[in-house]
Amino acid sequence: MAGRSPRVGVVTFPGSLDDRDALRAVRFLGGEGVPLWHADPDLGGVDAVILPGGFSYGDYLRTGAIARFAPVMEEVRRFAERGGPVLGICNGFQILCEAGLLPGALARNVSLRFVCRWVHVRVETAASAITGELVPGEVLEVPVKHGEGRYVAAPGDLERIEAEGLVVLRYCGPGGELDDRFDPNGSAGHVAAVRNEAGNVVGLMPHPEHAVDPDLGPTGGQPLLASLLGRALARV
Amino acid sequence: MRFRFEVVVSLKPGLLDPQGKAVEGALPALGWTNVSGVRVGKHVELTVEAPDEARARAQVEEMARRLLSNPVIEEFRVLAGEAV
Amino acid sequence: MATRTREPLHRALGLTDDELEAIRGALGRDPNPTELAMYAAMWSEHCSYKSSKLHLRTLPTEGEAVLVGPGRDAGAVDVGDGLAVVFKMESHSHPSAIEPSQGAATGVGGIVRDVLAMGARPVALLDPLRFGPLTEERNRWLFAGVVAGIGGYGNCIGVPTVGGEVAFAAPHSANPTVNVMCVGLAPAERLLLGHRAEPGALLLLIGAATGRDGIGGVSVLASRTLEEGAEESRPSVQIGDPFAEKLLIEACLELADRGLLEGLQDLGGAGLTCAASESASRLGLGVELELDAVPLREEGMEPFEILTSESQERMLALVRPERLGEVRAVCERWGLASAVVGRLVEGGAMRVWRAGAVVAEVPARSLADEGPAYDRPAGPPEGRAEVLADDPTFVAFDGDPGEAFLAVLGSPNVASKRWVYEQYDQLVQGRTLQGPGADAAAIRIEGTLRAIVCTTDGKGRFAWLDPYLGAAHSVAEAARNVACAGARPLAVTNCLNFGSPEEPAVMWAFREAVRGMGDACRALGTPVTGGNVSFYNASGGRAIWPTPVVGMVGLLPDHRLLVRPGFREPGHLVVLLGETLPELGGSEFAEVVLGKVSGRPPALDLERERALVELLVEAARADLLGSAHDCSDGGLAVALAESAFAGGMGFAVSLPWDLPAHVALFAESASRAVVSVAPERAEELEALAARLGVPWAVLGETGGPLLAVDGVFELDLEAARDVWEGAIPGLVGG
């Protein structure tokens with residue numbers, strides 16, 4: 001290791017809400033959190049990028065629809081194309097889908113209600129920027145909080161996403177079992193997180209940054225963000 | 001010239017539309033038991049300045065594709081195009 | 001301002017003939033229509049507290065921790081380390097009755113801006129709500145709409161909703177009670193008190209453009225009862241834009257952090273008129289307002305409309321001219337419009353300009369501080385003696401206590417409110433140590449070990465039977481809830497929800513409630529730092545129950561000592577602190593099982609309450625408690641069950657008193673808490689209880705899959721939990 005901690009940029013859009021929480025979580029796990037602004041023309045040389053939760057630009061039209069055109073997103077796209085680790089959490093996931101960096105889209109919860117609750121997710125692949133330190137089948141406890149988190153994809157796309165192993169996490173029961181009652185939003189295939197083909201770009205609806213500090217609850221977010229930091233460190 | 005357009009954005013057929021389902025579920029209670037196929041979408045109105053309607057419409061189609069809809073799950077129709 | 005009838009303008013605006021005379025006296029001439037509209041808004045019940053202020057003055061407002069008392073946008077208390085907790089509660093019931101989602105949403109927006117106006121970052125929201133029974137379609141619509149509105153707004157601005165309460169009673173059918181409390185944090189020395197500004201300071205209007213939203217909102221909605229056809233009032237309901245609010249929060253906090261502001265004021269009821277006149281009056285100055293400079297959203301707005309518009313998401317900043325450039329740059333960075341709309345001047349006049357002419361000129365003080373004050377006639381309602389005498393404690397009950405227990409658990413008042421709070425973001429900002437569903441919420445103060453503990457409590461049924469006791473009980477319960485978490489109660493904000501003050505019975509209940517709240521706050525050492533009165537919660541001649549609601553904040557010096565309501569370990573002793581008396585009056589059991597809302601509410605000995613609070617705080621500090629949960633709605637039985645549900649383990653207890661089982665289980669006697677304690681620490685806890693004079697009874701122990709009360713019932717924990725969790729989703733259809 002080069003003797004420095006990985007620098008993880010967290011992009012703040014005007015309506016970002018969990019940006020400080022993501023920075024705090026990165027620091028909690030030993031990384032250096034770097035605040036980035038949506039109008040920034042560059043990423044300040046960070047080793048990984050997090051697009052945090054919130055309502056980027058109010059999201060009245062569609063979640064993430066306007067954020068994908070933010071100046072910083074051009075840089076995020078380039079960074080991703082060079083293999084840089086990019087994590088979209090909740091609204092960040094929605095933005096990455098809108099930007100075409102991840103397959104599928106996020107639609108209104110099947111209940112039509114916002115849902116904030118702790119859920120379990122099952123690791124489906126270790127080949128992603130947030131699961132490098134995990135083993136498929138492992139179950140983590142993390143919170144969700146969203147009104148539009150139902151993962152959908154056009155007919156045909158879903159089969160491809162499954163076939164190519166792009167599903168990173170699925171909602172499940174405490175023992176890893178899959179069932180509608182464990183799925184907070186009615187996602188296709190209970191999908192909670194997906195990756196791109198290369199695995200460096202990942203989006204997830206749950207909030208790992210709210211599950212790192214044991215004072216505040218379960219710590220299922222720790223291995224997810226630690227994996228991201230590990231991946232970032234590999235680039236240092 | 002200025003042209004007024006309406007853009008209707010709706011979920012692609014086959015995708016679950018929980019809002020549409022909720023509306024369809026509520027109608028029978030009000031006496032309409034003969035309704036089916038309810039889909040809820042978005043309606044955007046806008047005015048475009050352009051030399052003619054065809055060019056204005058082309059721009060609106062482009063806006064609808066790039067911003068107003070998400071082609072992954074939604075489709076859109078551009079209606080009208082009245083000079084105002 | 002035309003009206004259908006030909007009544008004089010001042011009356012159409014809600015001013016009495018006497019009030020018009022007072023305005024003439026203040027001006028030395030007849031007011032013009034614009035001035036009249038300004039007075040009508042500022043002297044409305046909602047803004048002037050004219051029917052309540054004589055009584056509110058009797059509340060205790062001073063205490064060691066109090067930094068800012070009543071009369072400001074929000075109160076503030078010292079929590080050590082140079083930090084202040086800023087908090088306030090408000091009602092948005094009237095708008096919510098007409099348009100539940102937007103009404104509740106804009107209520108959240110308004111209270112957040114009150115806290116923001118003090119220069120504090122809003123860190124928590126709590127929502128005490130009351131509706132009619134969910135068996136009625138309209139009540140379900142109101143309930144679902146209000147909850148969605150609170151969530152839709154709160155979730156978008158990044159302030160967690162960490163608590164509140166939801167209760168149901170028939171008198172709230174036409175008039176739901178929607179209160180919201182906001183808690184904020186700020187460095188104490190940086191609180192924006194608005195007393196620094198000097199003549200020449202500019203009034204900078206930041207945020208949304210001004211439209212016709214809520215013209216006459218305060219006088220139309222909150223100062224009259226809602227009658228049939230209230231839909232006509234819809235234009236008075238404002239539409240919220242939470243994204244704009246989020247930008248306002250960030251921009252205003254950046255301005256406060258950088259010391260760029262002399263003062264900051266929310267534009268709420270009575271809009272610009274209120275913000276400008278209060279800012280000036282507080283400083284003993286005058287103000288010049290230039291209406292042409294106000295960014296408008298609609299064309300053709302009259303001066304009175306601009307002056308009284310309640311358009312949301314606007315703040316008025318006082319800025320020194322040399323700082324204007326920096327201030328506007330911050331606004332711009334956050335994408336917010338800003339406009340200089342006036343300046344502070346010597347003298348005391350508020351002078352309003354439009355198109356080069358003065359359209360209004362009135363003494364700022366007379367608008368803001370010299371409104372009327374009424375000592376309205378008051379007298380107890382008829383039939384009160386009969387209701388009190390019909391005491392359910394002595395009604396023979398030969399039903400099955402196990403069935404009664406499940407009926408109480410499944411009553412919407414007692415049942416789990418998960419359906420509600422899962423629609424709220426409870427976690428954002430990363431401070432939530434304990435969220436909704438517990439006795440009180442706990443918010444960590446970053447960079448310290450401290451935590452703020454807060455709760456809201458109201459006792460509608462008790463207050464209907466006895467407003468004095470009902471209000472005192474709500475303070476006592478709030479203190480107990482804060483203490484159950486291990487925190488010491490510090491101070492109180494309130495929201496006093498009542499019918500029309502012009503009804504003597506309502507005014508009597510109000511007076512009694514204020515007296516009860518004052519006595520309880522004095523006894524428990526929790527001064528009132530501000531609050532809100534919501535009158536005219538009535539329609540068709542029927543008022544809501546008198547509903548004094550208390551919001552309390554407390555301080556936990558070390559968050560690692562937070563005590564939670566759930567049983568922690570099997571094999572702990574289950575102990576009841578406090579005494580159970582034969583008191584079923586006004587209880588949940590009496591309503592749900594016996595069908596009676598009658599009798600005297602339980603007695604309240606404030607010295608006993610104080611001792612229990614002290615015991616809980618000291619026991620937490622010594623880390624003696626496995627869990628602590630207050631005994632209130634549904635009595636001991638429900639407190640035990642909730643501790644079991646939260647802890648995921650059952651209990652086996654017996655009832656060691658000479659009381660019928662249903663009385664012992666369901667009496668709602670005050671000053672009690674169910675705690676669990678490790679056997680090896682029990683002696684120490686018992687000694688502490690003895691020293692403080694708190695009655696102590698070991699009931700049994702924790703553990704196992706059953707809720708077992710010896711000789712009374714034995715129920716499967718998961719089955720009971722299903723009843724408790726399933727009740728509200730069952731009523732609202734998922």
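Biologist: Which chains have no contact joining them, and how far apart are their closest C-alpha atoms?
Modeller: Chain B and chain C have no contact between them, and their closest C-alpha atoms lie 11 Å apart. Bear in mind that this is a predicted model.

Biologist: Between which chains are the most contacts, then?
Modeller: Chains A and C have the most contacts among the two pairs of chains that touch. In that pair, 19 residues of chain A are in contact with 22 residues of chain C.

Biologist: Which elements of chain A supply at least two residues each to the side that touches chain C?
Modeller: Helix H1 (19-28), strand E6 (115-123) and strand E7 (139-146) of chain A do. E6(A) gives the most, with three residues.

Biologist: And how do the residues on that side of chain A divide into nonpolar, polar and charged?
Modeller: Eight are nonpolar, four are polar and seven are charged.

Biologist: How many residues of chain B are in contact with chain A?
Modeller: Eleven residues of chain B are, and they meet 13 residues of chain A. Helix H1 (residues 18-26) of chain B gives the most to that side, with three residues. By class, the side of chain B that touches chain A has seven nonpolar residues, three polar and one charged.

Biologist: Staying with chain A, how many helices and strands does it have?
Modeller: Chain A has five helices and eleven strands. Its radius of gyration is 16 Å, close to the 18 Å that the globule rule gives for 236 residues, so chain A is as compact as a globular protein of that length. The C-alpha trace of chain A spans about 45 × 35 × 35 Å along its principal axes.

Biologist: What percentage of chain A is buried?
Modeller: Buried residues are 63% of the 236 residues in chain A. As for contacts in chain A with a separation of 6 or more, 76% of them are between residues 24 or more positions apart.

Biologist: New topic. How many residues are in the largest nonpolar core?
Modeller: That core has 326 residues. Those with the most contacts inside it are C:Val85, C:Ala317, C:Val408, C:Ile452, C:Val453, C:Val475 and C:Leu616. Helix H19 (residues 467-484) of chain C provides the largest share of this core, eleven residues.

Biologist: What does C:Val453 touch?
Modeller: Leaving out residues up to four places away in sequence, C:Val453 touches C:Ala440, C:Ala441, C:Ala442, C:Val482, C:Ala485, C:Ala487, C:Gly554 and C:Leu556. There is also a second, separate core of eight residues, which includes B:Phe3, B:Phe5, B:Ala56 and B:Ala64.

Biologist: Back to strands. Does E9(C) run parallel or antiparallel to E11(C)?
Modeller: Antiparallel: four bridges join E9 (residues 286-290) of chain C to E11 (residues 338-345) of chain C. C:Leu289 stands opposite C:Gly342 in E11(C).

Biologist: And in what sense does E9(C) pair with E12(C)?
Modeller: E9(C) pairs with E12 (residues 349-354) of chain C in the parallel sense, over four bridges. In E12(C), C:Trp353 is the bridge partner of C:Glu290.

Biologist: One more residue. Where is the place of C:Gly82?
Modeller: C:Gly82 is in the loop between strand E2 (75-78) and strand E3 (83-91) of chain C.

Biologist: Buried or exposed, and why?
Modeller: C:Gly82 counts as exposed because it has 11 C-beta neighbours inside 10 Å. Not counting residues up to four places away in sequence, C:Gly82 touches C:Pro187, C:Ala188 and C:Glu189. C:Gly82 and C:Ala186 are 104 residues apart in sequence and 8.8 Å apart in space, C-alpha to C-alpha.

Terms used
Residues are numbered from 1 along each chain as its sequence is written. Chains are lettered from A and ligands numbered from 1 in the order in which they are written. This is a predicted model: local features need pLDDT of at least 70, side-chain atom pairs count only at pLDDT 80 or more; totals for chains, interfaces and linings use all residues. Two residues are in contact if their C-beta atoms, placed from the backbone, lie within 7 Å. Ala, Val, Leu, Ile, Met, Phe, Trp, Tyr, Cys and Pro count as nonpolar, Asp, Glu, Lys and Arg as charged, and the others, Gly among them, as polar. Two strands pair if DSSP finds at least two bridges between them. A nonpolar core is a set of buried Ala, Val, Leu, Ile, Met, Phe, Trp, Tyr and Cys residues joined through C-beta atoms within 7 Å. A residue is buried if 20 or more other C-beta atoms lie within 10 Å of its own, exposed if 12 or fewer, and partly exposed in between; C-beta atoms are placed from the backbone. The radius of gyration is taken over C-alpha atoms; the globule rule is 2.2 Å times the number of residues to the power 0.38.
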